[in-house]
Amino acid sequence: MSIRQFQAQRMQAPRDFIAVPNTPICVEIGAGKGKHALLFTGQNPQKTLYAIERTKEKFMAMQKQHQLEPRELLNPIHADALPWVVHALFPSQVEQFFILYPNPEPHNPAQRWLNMPFFEFLLSRLQPNGTITLASNIPEYIDEAEQQLLQLWKLPYEKQKIATDSARTHFEVKYLERGELCQQLVIRKPDGYSTRFDDFAPLQGQNAQEQSDV
Ligand SMILES: C[S@@+](CC[C@H](N)C(=O)[O-])C[C@H]1O[C@@H](n2cnc3c(N)ncnc32)[C@H](O)[C@@H]1O
């Protein structure tokens, strides 16, 4: 099985893009209202987390909560994660990615994270032995992701059942209250794992002009 190459150089800069220094960081994609982002930075005050959320209302709720619970090293970002990752992140920079309860995309399998060519780019940004935590309440989503890890990405992972009293995100709380099984894959990038983007430097807002013309 193979996958077409992600067209990273075509990604236009996110609006109001601010560059990120090349130091070790954690990144949450689809952070929602920021419950996990606040929890994580509260429990790991020495870690820098960029929490990316595309939907304005949710981003604003995260920002508001961040004002109530200040965290020095939490950076809420209002952007689509794809262009943001391409413009902001350096190769092998990220210690941990979190993708918690992503949209299941029932009619758009190609839009699920591990089915996207973008996933290869994401892997290039991960440190050796860095991890991606992918959680879902949909067993088929987890099963499909596992198949992709085995057959396409060839990456080691651990599959974990989420404790019924866990409450890391708003969606996790909702699903566990309904009695649904929540699971996660903790995917690890082995030492020496290579991608076609390992030498791709962040675009750092290079295409911003084109976007403002649209
Ligand atoms: C089902 S919600 C889960 C939110 C949160 N992680 C939680 O568990 O409560 C999925 C979130 O991912 C966000 N999202 C989806 N695609 C995204 C993308 N490409 N970039 C940034 N956020 C995205 C959506 O706006 C939505 O808030």
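How many nonpolar, polar and charged residues are in the lining of the largest pocket? Keep that in mind while you open the model, which is a predicted one.

**Stop 1: the largest pocket**

Start by selecting Gly 30, Arg 54, Pro 102, Asn 103 and Trp 113. Of the 43 residues that line the largest pocket, these lie nearest its centre. The space you're looking into has a volume of about 940 Å³. Now colour the elements that give two or more residues to its lining: strands S1 (25-29), S2 (49-53) and S4 (94-100), plus helices H1 (35-43), H3 and H6 (170-177). H6 gives the most, with three residues. And the opening question? Colour the lining by class and you'll get 21 nonpolar, 13 polar and nine charged residues.

**Stop 2: the second largest pocket**

Next, pick Pro 14, Arg 15, Ile 77, His 78 and Ala 79. They are the closest to the centre of the second largest pocket, out of 20 lining residues. Its volume is about 490 Å³. Highlight strand S3 (74-78) and helix H3 here, as each supplies at least two residues of the lining. S3 has the largest share, four residues. By class, the lining of this second pocket splits into 12 nonpolar, four polar and four charged residues.

**Stop 3: where H3 meets H4**

Select residues 81-88 for H3 and 118-125 for H4; the two helices pack at an angle of about 40°, with their axes 11 Å apart. H3 and H4 are therefore oblique to each other. Turn the view and check the crossing of H3 and H4, which is left-handed.

Then show side chains. On the H3 side you want Ala 81, Leu 82, Val 85 and Val 86, which meet Phe 118, Phe 121, Leu 122 and Arg 125 of H4. Seven of the residues in this contact are nonpolar, none is polar and one is charged.

**Stop 4: the cavity**

Last stop. Searching the whole structure for cavities of 30 Å³ or more turns up one. About 40 Å³ of space lies in the largest cavity. To find it, select Arg 112, Trp 113, Leu 114, Asn 115, Leu 134, Tyr 141, Glu 144 and Ala 145, which line it. Which helix gives the largest share of that lining? Show residues 139-153: this is H5, and three of the lining residues come from it. By class, the cavity lining has five nonpolar, one polar and two charged residues.

Before you close the viewer, click Trp 113 again: it lies among the residues nearest the centre of the largest pocket, and it also lines the largest cavity.

Technical notes:
Residues numbered from 1 in each chain as written. Predicted model: local features only at pLDDT ≥ 70, side-chain atom pairs only at ≥ 80, totals over all residues. Heavy atoms only, no water. Axes fitted to C-alpha atoms, helices over the stretch in contact; angles between N-to-C directions. Parallel < 35°, antiparallel > 145°, perpendicular 65-115°, else oblique. Left-handed = near helix turned anticlockwise from the far one by under 90°. Contact = heavy atoms within 4.5 Å. Nonpolar A, V, L, I, M, F, W, Y, C, P; charged D, E, K, R; others polar. 1 Å grid on protein atoms, 1.4 Å probe; cavity = no way out; pocket = protein on both sides within 12 Å on 5 of 7 lines; lining within 4 Å. Points joined across faces, edges and corners; volume = space filled by probe spheres on them.
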